[in-house]
Each structure stands twice: as structure tokens, then as C-alpha cells.
Amino acid sequence: MQKASEIREHISAIEQTRKITSAMEMISSNRMRQVMGHIEHNRRYFTYLRRSMKEILESTQDVSHPFLIERERHHHTYVVISGDKGFCGAHNSAVLNFALERIRSNPNSSLITLGHTAESFFRSHDITPDICMLGIVQDPTLERVREVANELTDMYERAITDEISVIYTSFYGGTKRQPVEARLLPVHLHDYVDIRDAEELSGIMYHPSAQTVLDLMVPQFIVGLLFGIMVQAYASEHFSRMTAMRSATTNAKEMIDKLNTQYNMARQSAITNELAEIADAAEILRGEEEYGEEY
């Protein structure tokens with residue numbers, strides 16, 4: 001059995017770890033609650049934007065946009081979103097292994113990574129990302145998302161790639177906390193099939209023209225879609241980290257309880273030994289006194 005002093009040091013070390021994991025759980029919980037508001041606001045905005053785009057496309061004949069035109073798929077670009085940090089369970093490994101499988105199945109492709117762990121992962125598998133964007137996933141603001149969207153749309157407009165997909169961890173629906181792939185470009189008309197509230201407004205007039213309005217809406221559609229994806233990935237990361245840190249905190253508490261039991265047993269054993277030694281010493285002294293009286 002360990003000495004009481006050794007067990008006490010062990011308890012102190014685990015207690016410090018428990019404080020850290022508890023603090024990390026609280027931080028991830030707060031950040032996830034904050035981003036939930038962004039998700040809801042973006043969902044409402046995105047719903048109205050898609051509805052308006054569908055109304056224009058259905059009510060106006062002579063409108064088009066380069067992002068709506070299907071191309072032959074010669075080159076595919078994958079945008080992989082992972083976390084910048086660990087301590088989030090299987091969150092990073094799940095989405096990165098999913099992305100690796102997709103990329104290896106499509107040799108004529110390029111890779112853009114968002115997050116430190118994605119860059120390190122693919123380099124360790126002898127795949128060098130074409131573009132690495134760092135620091136964005138920790139604070140997916142609309143301004144930063146626009147920078148990413150502008151980079152991607154510029155690549156598509158210059159025909160550097162024919163299709164762009166984003167691989168991330170979903171936060172909603174049947175795919176919650178699972179890696180998924182979402183097509184960003186091109187935009188397909190059947191992407192609007194699920195919109196039920198759109199109306200065919202043949203008499204509506206768009207100023208200065210329907211084409212001009214659509215030209216403004218399509219880039220906003222790309223930004224809104226990408227922003228929704230990034231905040232979902234952000235929320236999924238912090239949900240996984242919150243869960244992992246809660247589990248670690250619970251395990252630390254259980255270990256401390258077991259060690260406290262061992263510590264009490266070690267103290268009792270030490271006290272018992274000390275009492276036995278005192279009793280033995282007293283017996284020896286009593287024997288010496290009796291031996292002295294006889295002589």
C-alpha cells in the first residue's frame with residue numbers, strides 16, 4: 001500500500017486536473033450557448049433568402065447566374081473544417097477520417113483546411129493542403145466567413161475548380177454530431193425543392209431588374225450557407241468538448257473518492273502501527289522495571 005503522503009500528493013494532482021476540466025466544460029458550455037443564437041438567426045435569414053431566390057427563379061424566365069450553371073466535373077475542391085484544439089473526444093478524428101476517405105476516392109481534387117488539427121492530420125498522411133486557413137474556426141464571425149467565401153467563389157469563377165464541397169460536423173437532425181459533406185458550389189435548382197412557402201409572383205417588379213437582384217442574392221446565399229456550416233461545426237466541437245470534459249470531471253471525482261478511501265485506510269494503518277509500537281515500547285519498559293526490582 002502507498003504511504004499516506006504519496007496518496008495525498010496524488011489526490012492533490014487529480015484535484016488540480018478536476019478544476020481544469022470543470023473550467024473547460026463551463027467555457028465550452030457558455031460558447032455553445034452563445035453560438036446557438038447565431039445559428040437561429042442565420043437559419044431565419046437563410047430561409048427567407050432561399051424563398052426569395054426561388055420566387056425569382058420561378059417567376060422570371062430570363063435570369064441566370066454563373067454559380068447556377070452546371071459544369072463537367074473535372075476538378076473537385078474539398079473544404080475540411082476541424083477544430084484548432086483537442087480535448088473534444090472523437091470530434092476531430094471522426095470528421096478528418098471521413099474527409100480522408102472522400103479525398104482518396106477522388107484523386108483529381110484539391111484541399112483547403114480550416115483548423116490546426118486538419119492541417120496536421122493531412123500532412124501526417126502525406127497530403128499537403130493547397131490552402132490552410134487558421135484561427136477562423138475559433139471565432140466564425142460573418143466577416144471572417146465572407147473572407148473564406150470570397151476566396152472560394154473567386155476560385156470557382158476563375159475555373160480553378162468545378163465543384164466545391166465542405167466537410168464538417170453537423171449539429172442538427174439525423175446527422176447530429178456526425179461528419180457530413182455539403183456541396184457549396186455550384187448551386188442546383190433542386191436545392192430549393194424543400195421550400196414550400198414560395199409563391200409564383202408573376203406581377204412583381206424587381207428594381208432595377210430581377211437579374212440584378214439575383215446577382216446580389218446568390219453571393220449572399222453562398223455566405224449564408226457557409227456561415228451556417230461553420231457555426232454548426234463550432235457548436236459541435238464545443239458540445240463534444242463539453243461532454244468530454246464533463247466525463248473527465250466525473251472520472252476525477254470518482255478517483256478522488258477512491259483515493260480518499262485509500263488515504264484513510266493508510267492513515268488508520270499508520271496509526272495502528274504507531275499504537276502497536278507504543279504498546280511494545282511500554283511493555284519493554286515495564287519489563288525492564290520489573291527486572292530491576294528483582295536485583
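**Exercise 1.** Determine whether N92 is buried or exposed, and find what its side chain reaches.

*Solution.* N92 has a relative accessible area of 9%, so this residue is buried (buried means under 20% relative accessible area and exposed over 50%, with partly exposed in between, using a 1.4 Å probe and protein chains only). The model is predicted: local features need pLDDT of at least 70, side-chain atom pairs count only at pLDDT 80 or more, and totals for chains, interfaces and linings use all residues. Residues are numbered from 1 along each chain as its sequence is written, and side-chain values use heavy atoms, leaving out hydrogens and water.

The N92 side chain reaches the backbone nitrogen of G83 at 3.0 Å. Leaving aside residues up to four places away in sequence, N92 touches S82, G83, K85, G86 and T117 (contact means heavy atoms within 4.5 Å).

**Exercise 2.** Find which residues of helix α3 are buried, and where they lie around the axis.

*Solution.* Helix α3 spans residues 116-124, and A118, E119, F121 and F122 are buried there. They are on the same side of α3 because they cover an arc of only 165 degrees around the axis (the arc is that of the directions from the helix axis to the C-beta atoms). The buried residues of α3 pack against β1 (76-81), α2 (91-105), β2 (109-114) and β3 (131-133). After α3 comes D126, with a positive phi near 60 degrees.

Definitions and conventions
Helix = DSSP H or I, 4+ residues; strand = E, 2+ residues; numbered from the N terminus. Polar contact = N/O pair within 3.5 Å; in protein donor to acceptor, adjacent residues only side chain to side chain.
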